[in-house]
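Please examine the structure shown below.

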Amino acid sequence: MKTIAAFLLLLAAIPAFAQSTADTIIARELQSPRAYETLSHLTDDIGARLTGSKGAALAVRWTTGQFREWGIPVSNEPVKVPHWVRGREEAHLVSAANQNIVLTAIGGSVATPPSGITADVIEVDSFDELKTLGTAKLRGRIVFYNNPMDMDLVRAHRAFEAYRIALRTPHTGALRYDPKQPKIPAAAMTAEDAMLLHRLLARGKRVRMHMLLTPKTLPDVDSANVIAEIRGSEKPEEIVLIGAHLDSWDLATGAIDDGSGVAMVMETMRLLKEMNVRPRRTIRAVLFMNEENGSRGALQYARDHGKEKHIAAIETDAGGAAPTGFTTTLKSESGPGTAALFRLPPHQRRHARQGGSEGAGPGYGRDRGAGLGPGGVAAASPRCRWRLRAASSASLRSRCLRAAARVVASS
Ligand SMILES: [Zn+2]
């Protein structure tokens with residue numbers, strides 16, 4: 001985690017540096033516990049950092065203070081962010097011995113009525129099935145959208161990818177309501193509970209469930225992106241952006257998503273400063289606010305900085321395990337090729353996977369595919385694929401950056 005960030009990011013920003021510089025950085029970083037200490041503080045002392053929460057505000061203040069303490073110029077750029085709070089979330093079956101069902105509201109969900117909802121459960125496994133059933137069959141029911149985990153991945157010891165979470169813990173996430181449709185409460189069940197429901201329904205049983213959710217959407221609050229910079233010595237107006245998102249969901253402390261990315265970005269900057277490295281281009285670290293439920297920080301960044309000349313935008317938001325490579329949307333014919341561009345060591349070249357994300361949104365995480373540890377994503381949008389070159393400059397048009405910035409701050 002510690003090494004790859006410094007290695008990749010520095011080489012992207014300072015291509016003129018010899019391999020020995022990279023070696024020095026790697027060696028230096030391997031001696032240092034600082035990245036882990038940063039992550040520990042963010043997760044153990046500050047904790048969950050859901051947008052709009054006290055934890056998110058503390059994280060802005062603390063990371064800003066850290067950059068300042070390290071002697072790196074830093075600023076807070078204001079972002080108006082949504083403020084959704086979770087509330088109570090309870091469910092049980094009223095038809096099968098009152099079995100408890102473990103679920104969690106999906107971020108942004110509206111509440112159930114104060115006394116909850118009790119209704120028959122109907123299972124579907126696709127949106128097509130939902131359409132086929134039609135409104136009449138669905139009205140007044142709890143729709144159980146069953147998206148089973150991939151057992152082949154589980155058997156291949158890749159349960160984390162198959163399910164993401166295990167041991168009867170539900171996984172939250174964000175939803176967006178269609179403004180033309182009524183808002184209905186939405187929750188995610190654990191895999192175990194989903195399998196229970198599926199078995200009961202498959203036996204032809206009537207399944208009734210009671211569900212209570214009390215989330216609230218409060219008025220927007222003021223927050224900030226944290227932006228720190230080491231100015232370039234030769235081309236300070238050209239920017240290599242390294243980013244991660246500072247906010248997290250509230251069910252845990254966001255160590256993987258995206259505390260580890262934040263630690264990597266911060267540590268990269270600290271190390272460059274400590275080593276007194278003067279990059280040719282400006283290296284700008286952006287800790288984006290509100291990636292998880294709105295991407296407002298990324299959009300604000302694009303509005304504020306869209307006209308600046310960005311040479312590369314690299315995101316770290318793929319976890320904190322041993323790095324195995326990164327994804328990119330670059331096409332090999334557009335330059336020296338991904339592996340060459342980042343001068344990956346041979347064992348990582350096979351993971352320099354193309355076909356990464358091309359835009360923020362629900363599909364983004366899936367696009368990144370399996371087996372990838374933390375890494376950078378050189379972002380692009382389908383309409384304005386921008387070409388990232390190792391040394392030569394390339395000015396991004398504002399609309400390209402808007403798309404790119406969304407990607408950078410989206411998991
Ligand atoms: Zn993320």
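**Helix H3 and its surroundings**

Q: Which residues of H4 do His41, Leu42 and Ile46 in H3 meet?
A: This is a predicted model, in which local features need pLDDT of at least 70, side-chain atom pairs count only at pLDDT 80 or more, and totals for chains, interfaces and linings use all residues. Residues are numbered from 1 along each chain as its sequence is written. Helices are DSSP runs of H or I with at least four residues, numbered from the N terminus, and two residues are in contact if their C-beta atoms, placed from the backbone, lie within 7 Å. His41, Leu42 and Ile46 in H3 meet Gly55, Leu58, Ala59 and Trp62 in H4.

Q: Why does the span of H3 agree with its number of residues?
A: The expected span of a helix is 1.5 Å times one less than its number of residues. The 13 residues of H3 (residues 34-46) should therefore span 18 Å, and this agrees with the distance between its end C-alpha atoms, 17 Å.

Q: Which residues in H3 are buried?
A: A residue is buried if 20 or more other C-beta atoms, placed from the backbone, lie within 10 Å of its own. In H3 the buried residues are Ala35, Thr38, Leu39, Leu42, Thr43 and Ile46.

Q: Which residues touch the most other members of the largest nonpolar core?
A: A nonpolar core is a set of buried Ala, Val, Leu, Ile, Met, Phe, Trp, Tyr and Cys residues joined through C-beta atoms within 7 Å. Of the 46 residues in the largest one, those touching the most other members are Val265 and Leu287.

Notes. Helices (H or I, at least four residues) and strands (E, at least two) are DSSP runs, numbered from the N terminus. A residue is buried if 20 or more other C-beta atoms lie within 10 Å of its own, exposed if 12 or fewer, and partly exposed in between; C-beta atoms are placed from the backbone.
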